[in-house]
Amino acid sequence: MTRVWDLPFRLWHWALALSVLFSLYTGLAGDISLMEWHQRSGFVVLALLLFRVGWWIWGGRYVRLSEYRTTPRRFIQHFAGTGKADPHTSPGIVMAIFVILALTVQAGTGLFATDDIFNEGPLVRHVGGEVSATMTWIHHRVFWVIIALVATHITANAVYAMMRDPTPLAIFTGRKPLDLPPTEQHLLRALFTAAGAALVVYGALAWSGY
């Protein structure tokens with residue numbers, strides 16, 4: 001069993017999962033008093049996405065961007081059971097890319113979204129009404145894509161678990177049965193990356209006058 005997922009990546013994964021679930025709950029509960037918390041969780045999601053950008057560049061060897069490459073042939077081979085054993089499955093790579101893109105769109109448009117009554121994103125005042133209306137329209141629809149992706153991800157891991165595949169456990173243990181060198185942890189680097197991501201989001205909010 002080789003350590004392929006470093007500890008910072010695993011902590012990031014669970015922090016993002018909890019933040020997204022909290023964002024969905026506070027956004028869909030219909031309780032206007034929760035909207036302030038909805039915005040805050042969105043800011044956390046943005047910071048986590050920025051952290052992931054950094055970790056794509058200088059994180060553990062198997063979570064860098066160069067590892068997120070696949071082909072239609074590898075995708076088909078995975079389901080045919082003839083694919084090569086790698087840290088990432090081909091469907092997993094596709095899922096990860098779509099999740100990151102969907103969350104980036106959702107969190108980014110939320111900065112410009114408004115209900116024209118009680119709540120507005122911190123950057124609404126910096127754009128025109130037409131731009132804000134477009135961003136709000138997108139923000140109120142992309143969450144369905146996120147729900148679909150989350151449901152697919154959970155279902156896939158449930159199927160893996162029923163097949164006694166160790167893939168779902170890897171996000172807890174960080175280990176997979178692969179004959180590869182173990183990944184580095186880079187804990188101090190992760191701390192600085194997290195602090196940098198938080199400062200960027202905080203600075204953007206301060207600039208906006210939020």
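I will go through the salt bridges, then a pocket, then the surface.

This is a predicted model, in which local features need pLDDT of at least 70, side-chain atom pairs count only at pLDDT 80 or more, and totals for chains, interfaces and linings use all residues. Residues are numbered from 1 along each chain as its sequence is written, and side-chain values use heavy atoms, with hydrogens and water left out.

Salt bridges, then. The structure has three, a salt bridge being a side-chain nitrogen of Lys or Arg within 4 Å of a carboxyl oxygen of Asp or Glu. One joins R40 to E36, with N to O at 2.7 Å. Both sit in helix α2, and because they are four residues apart, about one helical turn separates them. Helices here are DSSP runs of H or I with at least four residues, strands are runs of E with at least two, and both are numbered from the N terminus.

Another pairs R61 with E184, the closest N and O atoms being 3.1 Å apart. This pair links distant parts of the chain, 123 residues apart: R61 is in the loop between α2 and α3, and E184 in the loop between β2 (175-176) and α7 (187-208). R61 is partly exposed at 33% relative accessibility, where buried means under 20% relative accessible area, exposed over 50%, and partly exposed in between, with a 1.4 Å probe and protein chains only.

There is also D86 with R74, at 3.4 Å, N to O. D86 is in the loop between α3 and α4 and R74 is in helix α3, so the bridge ties together parts 12 residues apart in sequence. Helix α3 itself (residues 72-80) is hardly covered: of its nine residues, the number buried is zero. Just after α3, G81 has a positive phi of about 75°.

Now the pocket. Which residues lie nearest the centre of the second largest pocket? They are G27, M35, H38, Q106 and H139, out of 32 lining residues. A pocket is an open set of points on a 1 Å grid over the protein atoms alone, where a 1.4 Å probe fits, with protein on both sides within 12 Å along at least five of seven lines; lining residues have an atom within 4 Å of a point. Helix α2 gives the most to this lining, with seven residues.

Last, the surface. L11, in helix α1 (residues 7-28), counts as exposed at 54% relative accessibility.
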